[in-house]
Amino acid sequence: MQMTCNWRIRQRVLIVCLTALFWPPIARGGEGPFFVTYTHQMEEPGNLEITTKNVTGKPGDDRFLGSALEFEYGVKGWWTSEMYLDGQATGGDSTLFTGYRWENRFRLLPREHWINPVLYVEFENINGADKTLLEVVGTDGKDDLTGPNSEVRAEKKREVEVKLILGSYFKGWTIAENFIAEKNVSHAPYEFGYAVGVSRPLALVARPARCNFCAENFQAGVELYGGLGTHADFGLSQTSHYLAPTAAWTLANGVRLSASPSFGLTDTSARFLLRFGVSYEFDQFGRTLGRLFRNSGGTP
Amino acid sequence: MKTPLSISALAWCCLLAGMAWARSGSLVHQAPSRTEARINPLAGQESARRAGAKLFARECASCHGLNGAGGEGKAPPLRQPEIYNAAPGTLFWILRNGSLTRGMPSFAHLPEPQRWQIITWLQARP
């Protein structure tokens, strides 16, 4: 049973990688190698970016794979909206859909400054079996990842999350800091967390030729994220923290592959998590979709 | 003596006029004049022009059209004298800041040399 589940997980990873490599060249992938930290970069108006963010680890006896399928759309230059569909598979247990998230990011200042603030507001409707680990808040820890799916899925998490995203670009470096506050709408206290990240492309100057292995196509960085307790017990006690080197590779056909090994820094953190993802951006998706509807409306 | 109501109306008129001004005219004319002093460190380099063409196709062509000839939407054509004759620093300012009200995104996430490469290509007359 467990072998079958692990094989399924490997099969999915293989399919994702092969799809990325042979995807037709339509547009380019998004920017940045981070999995948890947000930068102040907004999605370009009308563009749709589709990303899978996956995380695997073995905090207990069984390995799990948490996956989020993300649809990011640039509504306006100052407003980006995203929908996530979450799911997970656990070896020796089951595979299930764990819920959805809807987030909106609003750029607060029209021009580029040394520090650029973005307000992030998210509503999530997930259950306790969710293992996507898109953020770590409060006293989230490895114990949250080990319960049997049949039991933990009964817990409903309807939460509102607010982040203040601060981002800067300095001499080719991307620097981002996120301050997170989350509240279950029906109960539970306010929970807090943070994420910070730094990254840089391996080359700042682009080469003239179209290429897969140019240094400019690779980005490397590191992110640090964790929980900060609740409003009643704010601080580092019983919280999880992770240090994660990150790398991203943008292929010439626009697909971006990224990976990040995450190392738990405290006893309550999972010791090791591996994140990996694929993303692809469809330029002017909104305009194409609008044209499709106009054409179909005009044809008798 | 002006009443608070008329002062408020005047303020609203100024705000609306300012917004209308911001949405009209070319972005080239909206860049601060101090930006004109910046020079393009890659100007005239053939490799920069070719790299700029590659970056333009990846970052800009979906709105401004292939080769900058203009797209279907609001984005203007870029192969025109106003761009050829603009100060490189002004174009650099536009790429860095964009214009959120007009749908022109900021390209500050591109490293500075890559923005200069795009400008080198834009200002090379075909």
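Author: Let's start with chain B. Among its contacts between residues at least 6 apart in sequence, 68% join residues at least 24 apart; two residues are in contact if their C-beta atoms, placed from the backbone, lie within 7 Å. Keep in mind that this is a predicted model, where local features need pLDDT of at least 70 and side-chain atom pairs count only at pLDDT 80 or more, while totals for chains, interfaces and linings use all residues. Residues are numbered from 1 along each chain as its sequence is written, and chains are lettered from A and ligands numbered from 1 in the order in which they are written.

Chain B has 6 helices and 0 strands, so, read along the sequence, you get α-α-α-α-α-α (helices are DSSP runs of H or I with at least four residues, strands are runs of E with at least two, and both are numbered from the N terminus). Of its 126 residues, 36% are buried, meaning that 20 or more other C-beta atoms lie within 10 Å of a residue's own; 12 or fewer makes it exposed, anything in between partly exposed, and the C-beta atoms are placed from the backbone.

Chain A has 3 helices and 12 strands, and 43% of its 300 residues are buried. The 12 strands close into a barrel, running in order from β1 to β12, with antiparallel pairing; strands pair if DSSP finds at least two bridges between them. For instance, β8 (residues 191–201) and β9 (residues 218–230) of chain A pair over 10 bridges, and A:S199 has A:G221 in β9(A) as its bridge partner.

Finally, the two chains touch: the contact takes 24 residues from chain A and 22 residues from chain B. Chain A's side has 10 nonpolar, 4 polar and 10 charged residues (nonpolar is Ala, Val, Leu, Ile, Met, Phe, Trp, Tyr, Cys and Pro; charged is Asp, Glu, Lys and Arg; the others, Gly among them, are polar).
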